[in-house]
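Hi everyone, thanks for coming.

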Amino acid sequence: MSDSIGEGEVTRKEVESLFTRLDQEAESGGYHLNPNREFTLGLIEGMMVNERRYGYWACPCRLASGVKKEDLDIICPCDYRDPDIAEYGTCYCGLYVSQDVLDGKRKATRIPERRPAEGMAAPADRMSASAQPGLPDLSGLTYPLWRCRVCGYLCARGQPPEVCPICRAKKDRFERFL
Amino acid sequence: MEFQRVEGTDKGKIVLYALSTCMWCRMAKNLLKDMGVCYEYIDVDTLSAEEKVTVKQEIKKWNPGGSYPTLVINEKECVSGFDEAEIREKIK
Ligand code: SF4
């Protein structure tokens, strides 16, 4: 654990306590952390180092820009986690895995990068309906519909929730859906 | 910008582009160490903004997706991502 990451002074105790929290949150939302404990602790340590560097949990296996707006899609849990778990049984880093992998029926290995290469997709202003040109005019709706970009949770209310009740992504990960 | 050099048997010029926070990158470092080969690595996330731009361009020459780890062997071959079998196969 303590090898190679010199900066940030993240202690083993802090990493373990975040591990416990993430594990509980994952299980209660139907997700699973990688059962390889040392591997998982190493990734969580990386996330904590990134939090100290950038102020948020930038994905430990991707190079963050350090500008939150540009990194929103790769703040853990990233926008790509759920489709990657569905297709490969693991997220890109291997922090989250499917039930199959947890049960040892499938192995988590290197998977291809789903995130569009740099400069390919400019993150839109997701909070405003006008930024989503494909939306039909449903001005008769009593409430706008918000979609969590991480797990797909939908809710109809004035504003998205502070934290997604399913996957715990923060409010800024929601987009206007209708 | 300084590459870290790990001593070992000379198998040519072996360069690893890594992130300090990434476990796959750490596994690549550990594998190269276990194999006992001499190699150089750089943790791109610890560089300055200007250095990052330069290094990212270099990485893209070998691995257009620009993902980590990227291992360049003898300025000829590349392994993108951690694949133990492929790394062992290409470094003989
Ligand atoms: S969920 Fe996404 S951001 Fe989090 S560790 Fe996995 S790949 Fe990285």
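Let's begin with the overall make-up of chain A, which has five helices and five strands. Please keep in mind that what you see is a predicted model. If you start at the N terminus of chain A and follow the elements along, the order is α-β-α-α-α-β-α-β-β-β.

Now some totals. Chain A has 178 residues, and 43% of them are buried. Its exposed surface comes to about 9,200 Å², with 51% of that supplied by carbon and sulfur atoms. As for contacts in chain A with a separation of 6 or more, 53% are between residues 24 or more positions apart.

Next, let's look at a pair of helices. In chain A, find helix α1, residues 12-28, and helix α2, residues 37-54: their axes come within 9 Å and cross at roughly 105°. Angles from 65 to 115 degrees count as roughly perpendicular, so that is the word for α1(A) and α2(A).

Which residues of α1(A) and α2(A) meet? On the α1(A) side they are A:Arg12, A:Glu14, A:Val15, A:Glu16, A:Leu18, A:Phe19 and A:Leu22. Facing them from α2(A) are A:Arg37, A:Glu38, A:Thr40, A:Leu41, A:Ile44, A:Glu45, A:Met47, A:Met48 and A:Arg52. Sorted by class, this contact has eight nonpolar residues, seven charged ones and one polar one.

Helix α2(A) also has a partner in the other chain. It packs with helix α1 of chain B, residues 23-35, at an angle of about 120°, and the two axes are 9 Å apart. By class, we have five nonpolar, three charged and one polar residue in the contact.

One last stop, at a single residue. Please find A:Asp73, in the loop between α3 (68-71) and α4 (81-88) of chain A. Is A:Asp73 buried or exposed? With a relative accessible area of 9%, A:Asp73 is buried. And what does its side chain touch? The side chain of A:Asp73 makes a polar contact with the side chain of A:Tyr80, at 2.4 Å.

That's my tour, and I'm happy to take questions.

How values were computed: Residues numbered from 1 in each chain as written. Chains lettered and ligands numbered in written order. Predicted model: local features only at pLDDT ≥ 70, side-chain atom pairs only at ≥ 80, totals over all residues. Heavy atoms only, no water. Axes fitted to C-alpha atoms, helices over the stretch in contact; angles between N-to-C directions. Helix = DSSP H or I, 4+ residues; strand = E, 2+ residues; numbered from the N terminus. Parallel < 35°, antiparallel > 145°, perpendicular 65-115°, else oblique. Contact = heavy atoms within 4.5 Å. Nonpolar A, V, L, I, M, F, W, Y, C, P; charged D, E, K, R; others polar. Buried < 20%, exposed > 50% of the residue type's maximum accessible area, 1.4 Å probe, protein only. Areas by Shrake-Rupley, 256 points an atom, 1.4 Å probe, with all protein chains shown as cover. Polar contact = N/O pair within 3.5 Å; in protein donor to acceptor, adjacent residues only side chain to side chain.
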